[in-house]
Amino acid sequence: MKKKLINNPEKVVEEMVEGIVMAAPDKLEKLDDYNIVIRKGSPNEKVALVSGGGSGHEPTHAGFVGEGMLDGAISGDVFTSPTPDAVFEAIKAVDGGKGVLLVVKNYTGDVMNFEMAAEMAEAEGIEVDHVVVNDDVAVEDSLYTTGRRGVAGTIFVHKIAGAKAEAGAELPEVKKVAEKVIANVRTKGMALYPCRVPAAEESTFTLEEDEIELGIGIHGEPGTERTELMKADEIVDELLGSVIDDIPYEKGDDVALMINGMGGTPLMELFLANRRANQILEEKGINIYKTFVGEYMTSLEMAGVSITLLKLDDEMKELLDAPTEINIMK
Amino acid sequence: MKKKLINNPEKVVEEMVEGIVMAAPDKLEKLDDYNIVIRKGSPNEKVALVSGGGSGHEPTHAGFVGEGMLDGAISGDVFTSPTPDAVFEAIKAVDGGKGVLLVVKNYTGDVMNFEMAAEMAEAEGIEVDHVVVNDDVAVEDSLYTTGRRGVAGTIFVHKIAGAKAEAGAELPEVKKVAEKVIANVRTKGMALYPCRVPAAEESTFTLEEDEIELGIGIHGEPGTERTELMKADEIVDELLGSVIDDIPYEKGDDVALMINGMGGTPLMELFLANRRANQILEEKGINIYKTFVGEYMTSLEMAGVSITLLKLDDEMKELLDAPTEINIMK
Amino acid sequence: MTEKSKKIINEIADVIIENKKYLTKLDSAIGDGDHGINMTKGFKKVKEKMEAKDYENNKELIKTVAMTLISTVGGASGPLYGTAFLNISKIIPDADFDLESIIEIGETAVAGIQKRGKAEAGEKTMLDTIIPAVDALKESKKNGDSVEEALQQCKIKAEEGMKATIDMQATKGRASYLGKRSIGHQDPGATSSYLMIKTVVEELY
Amino acid sequence: MTEKSKKIINEIADVIIENKKYLTKLDSAIGDGDHGINMTKGFKKVKEKMEAKDYENNKELIKTVAMTLISTVGGASGPLYGTAFLNISKIIPDADFDLESIIEIGETAVAGIQKRGKAEAGEKTMLDTIIPAVDALKESKKNGDSVEEALQQCKIKAEEGMKATIDMQATKGRASYLGKRSIGHQDPGATSSYLMIKTVVEELY
Ligand SMILES: Nc1ncnc2c1ncn2[C@@H]1O[C@H](COP(=O)(O)OP(=O)(O)O)[C@@H](O)[C@H]1O
Ligand SMILES: Nc1ncnc2c1ncn2[C@@H]1O[C@H](COP(=O)(O)OP(=O)(O)O)[C@@H](O)[C@H]1O
Ligand SMILES: [Mg+2]
Ligand SMILES: [Mg+2]
Ligand SMILES: [Mg+2]
Ligand SMILES: [Mg+2]
C-alpha cells in the first residue's frame, strides 16, 4: 500500500480544497459544505466558466480558477465525477446573469452529472451551455462508443474560452471558441508507474520493472497498450507521432505544445521529452508558438507524461496570450 | 531499478538543458559545450546573479534564469557539484562589468568548486562575490562541522537578490540583501519515498512501507531521523515546528511560506500540507504574506515535502513582489 | 408496505457495503477502481437518511434513495442508479407487489438508465444484468408462472447476464477505453446490479 | 620517468574504474551515492588525455591529471583530489623517487586537500587514509627503513586509516548531515584514497 501524505482518505478532497484556497485567500473562496472553489467576489458580470471532475488531477481544475480562466471548479472525490447538486451549486455561485459555460471532460460520469446539473440550473432560469472535451487520441473514436476521453487539452479550453469570456463575449461566442479549441487539440499519454487512489489499498494496475503503459487516461486506469520500457525519445516519437497523425497537424501549422507530467514525473524528464518533441516538430516544419512544460493535468502520483498539441489560428493565439492570474498559464 | 523517462544516463543533464532552452527559446540560451543556461542577450548592464549545483533539483536552478531572478545557472551532473571551469564560463558569459554574485548552496563540493571558479574569475579581473545558503534546520549547526545544507530557501535568495540586482543595485548591496534573506530563511523536509540517480542502479536509501525519513536533504541522501509513517498534519507539525523554533519566528512576524514538493509528490498532498501549515501559523499569530505551493527545489522523483519560512521586512516584501519573468515566483 | 421496502433497501445497502472491496477490485481491472467506494458511500448515506426519518409511502422513500444516490455517489453509477430509482419512485405502488408491478418497476429502471447513459444490451454495463432480469420476468408472466417462480428466474438470468459481461468488449463507460483489453473481466456495474436484484428477490419471496 | 608515472596513473585509473560500483555503494550509505561515478568519470577522461598526448615531464603529466580531475569530477572529491594533484605537480621530481621525495609528495597532497576542504584527521574523510599513510613514511624515514619497507608500512597504515573511518562520526562532507547515523560505515573518499595509495605502492616496489 503506497504511502501518502494525507490524514484521512475520506477527507482528502475537502482538506485539499481548503489548502488551495488558503494558498490564495485574496483571490479564491470555498463554498461552504461543498468542495467548490470560486473566484472571490463572484459572480462577475460576464459569462462564467465552470469546470470540474474527479479530484487527483491537480492543478486541474481548482488551480485554474482565477481571472482569465475559470470562475468556479467542482472537485469530486478522487477520480470520481462530482454529483449534479454540487455542480448546480457552483453554477449558481458564479452566474452573473450572462450565463454559464460548463467545460466537461468526456467521461460518462462527468457528462451525465453535468447534464443533470444543467437541467437543474435551467429549471431555475439560469442560462447554461456546455462543451465536452475529448482530446485523447489513444482511444478510438466511434459513434458506437463513448468516444475519446478528455485529458490535458482541457487546459487550453479553460485558457482560451476563459480569455474570451473575460473579454466580454456572449455565451454562444464563448462556446464557439471552446469548440474550436476542442476541434484542434489532441493528446496522448503514457505511464511508467501507476498511482493509488487514497481510499483504495492498491494501485489500479501494476507494471513490471521493464514495462510501460501507453495510451493511459487520467484516472489511474490502464492504457490501451502495454509495451517494453523504451528510451524517452522513442516514447515521445510514439506519443507525438499519434497526435500529429490524428488531425493531422501539418507543415506550416502554428501550435501550442504541452509536455504534461502525470504527477510523479521529475521536471528533468519532462524537459528531456520537450527536447525530442521540439526536434520532431522542427523536422516536420510545424511551428511551436508557445510551449508549456510542467504539471497541468495529473493523475495523483502517477509517473509518466502526456503530450498535447493545439493548432492555433489568430484568435486562439491572442486568447492564449491574454493576461491571466494563473501563473503557469502565463 | 526504478524506471525513468530518459535516453542515456550519461546524457540526461545535457539533454535536459537543451529541453529547458527549447521551452523558452526567446528568453534563454545554452552555452556551447557546457550545461549552462543564461538569459538570451547576456550580459546585461547590472550585477549578474549566478547559481548552480548538481542537477536533479529542477526547476532549480536553470528554471529560475530570467528577468528578475538569475542571469545564469550551471547544471552539474545529477546531485554533483559542477566543476570550477563550468562555473567560470557562466561567470564570464553574464558579467556585464558590474560584477557577479554567486549564490552557493552549502555543500562542501559546491562551496569548493564555486570558490575555485571565483578565484579564476578574479584572476581575469572580474569582480565576484558569493553567498552561501544554509537554511536546512535538520542539520545541527556547529563551527566544527560543515554546517547546514542549502535547500529550498535558496529560491527566495534568487528571487529577492535577483530583484535587487534588476533594480540597479551594486554588488555589495545585492550581496547584503542576499545575506539578509539567508539570515531569515529556514527549511525542513521529509521523504515518503527516495529517488534514484539515473546513473545508479538503486536508490540511495530504502524505506519500508510504514517508514518515512525526516530531515532529508535534496541529494537523495538519507535524513536525520527515520520514523513511522504519520498523518500529514503530524508531519507538518513536526517540520514546521522545527522551522518556527529555530530562528524563532514569532507572533506578529510577516512571513513567506513555501510548501515545496520533492518531485514525486502530487499537488493534492502539498495543498493538504499547506492547510495544516496555515492553521499552525494562524494559531501562533504569524502572518502569511505570500504562499508558494509547488515544486521548487526537488530531488528527482523523491516523494515528500519541505516547508520553508522567510521572515520578511519591508525591503524583502517589495523585492519578493517585484516583477519577474519566472511564472512560478509571481 | 413502507416498512418492508425500507427493509429491502437496507438489505441492498448492506450487501453493497459488504462487497465494497470486491466491486472496487472488479473496477480496478477495467475501470478506475472506485465502483465499490462510490456505491458504498451512497448506500451508507441512504441508510443514515432512512434511520433519521419515517416515510409516508414507498414513493417518498424511493425518491429519497434516488436523490441520495444522485447527490453522493458521483461517477457514472450515481446518475444511472439515481435515475433508475427516481423513475421507480414515480410508479411504485404502495400495496403488495404483484408480478405486473414488479415488471413495471424493472422496465422503468431500464428506461431511466438508458435515458441517462444511452447504452444498449451487450455493451458490458449494468444493463447486461438488468435487461435479462426484466426479460425473465416478462417471460414468466407470459408462461403464467407464479411470482416466486418468476423471481427465481429473474435472479438466475441476472446472474447469467452478469457473467456474460466477462466475454464482452465494453463499448460504453470507462472500460470502453481499454478496447479489446476489456474482454475477460466481469463488469463492476453489472455485478452491483446483480447484487441488488439478488437481494430484492431473496427479500420478496 | 614520465613513462613510469604514466603507467602508475593508468593503474590508478583502472583500479578506480574497477571499483566504481563499490565506491558508489559506500557513498550511498552515508552520502549521495555518486563517489564511484564521479571518480570514474574523471579517471576515464585522464586515461583519454594521456593516450592522446606525450608529456615532457612528470610535472606536465601530473598537472594534466589535476586539471582533468578538477574539470570533470565535480562534487567534493573533484576539487580535493584535483588540488592534491595540482600541488604534487608543483614539486614532483623527474628522477626516480627516493623516500624523501615520496614524503614530500604526500605532504603537499595533504596540504592541498586541507587548504581546500579545511578538514582535520578524524573527521571521516579521505584525510583519514592519507594522513596516516604519510605519517608512516615519515616514521620509516626516522627509523631508517628502506623505501620498500616504508612503502609497505604506508600501505598498511593507509588501510588501517580507511578502516578506522568506519567507527568515526563524520563532521565534514555530506556524511556529516547524518550525525550519529554516519557511524558504522566506511568513508567512500577514504576508500578511494586507499585504492590509489595501494596502487602506487604496488607499482613502485
Ligand atoms: N452508459 C452507461 N450505461 C449503463 N451503465 C454504464 C454506462 N457507463 C458506465 N456504466 C456502468 O457504470 C459502471 C462504473 O461505475 P463507477 O465505477 O461507479 O463509475 P465511473 O466509471 O465513473 O468510475 C460500469 O461498470 C458500468 O456497468
Ligand atoms: N572537507 C573535506 N575534506 C576532505 N575530504 C572531504 C571533505 N568533504 C568530503 N570529503 C571526501 O569526499 C568524499 C565524497 O566525495 P563525492 O561523493 O565524490 O562528493 P560529494 O560528497 O560532493 O557527492 C567523502 O567520502 C570524503 O572522503
Ligand atoms: Mg470513477
Ligand atoms: Mg555528489
Ligand atoms: Mg469506476
Ligand atoms: Mg557523493
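In this predicted model, the shell around ligand 2 comprises six nonpolar, nine polar and six charged residues. The shell holds 21 residues, of which D32(D), A76(D), S77(D), D187(D) and G189(D) come nearest to the ligand. Both chain B and chain D supply residues around ligand 2, so this site is shared between chains.

Several polar atoms face the oxygen atoms of ligand 2. An N or O atom in the side chain of D34(D) lies 2.9 Å from an oxygen atom of the ligand. For a side-chain N or O atom of D27(D), the distance to a ligand oxygen is 3.1 Å. The backbone also takes part: a polar backbone atom of A76(D) sits 2.9 Å from an oxygen atom of ligand 2. Taken alone, ligand 2 exposes 560 Å², and the protein buries 97% of that area. Helix 3 (35–52), helix 5 (77–91) and helix 9 (188–204) of chain D each give two or more residues to the shell. Helix 9 of chain D gives the most, with three.

Ligand 1 is surrounded by 21 residues, the closest being D32(C), H35(C), S77(C), D187(C) and G189(C). These surroundings draw on chains A and C, so the site of ligand 1 is likewise shared between chains. The shell divides into six nonpolar, nine polar and six charged residues.

Polar side-chain atoms of D34(C) and H35(C) each lie 2.9 Å from an oxygen atom of ligand 1. A nitrogen atom of the ligand is 2.9 Å from a backbone N or O atom of G117(C). The protein buries 97% of the 570 Å² that ligand 1 exposes when taken alone. Helix 9 of chain C gives the most to this shell, with three residues.

Conventions:
Residues numbered from 1 in each chain as written. Chains lettered and ligands numbered in written order. Predicted model: local features only at pLDDT ≥ 70, side-chain atom pairs only at ≥ 80, totals over all residues. Heavy atoms only, no water. Near = heavy atom within 4 Å. Polar contact = N/O pair within 3.5 Å; in protein donor to acceptor, adjacent residues only side chain to side chain. Areas by Shrake-Rupley, 256 points an atom, 1.4 Å probe, with all protein chains shown as cover. Helix = DSSP H or I, 4+ residues; strand = E, 2+ residues; numbered from the N terminus. Nonpolar A, V, L, I, M, F, W, Y, C, P; charged D, E, K, R; others polar.
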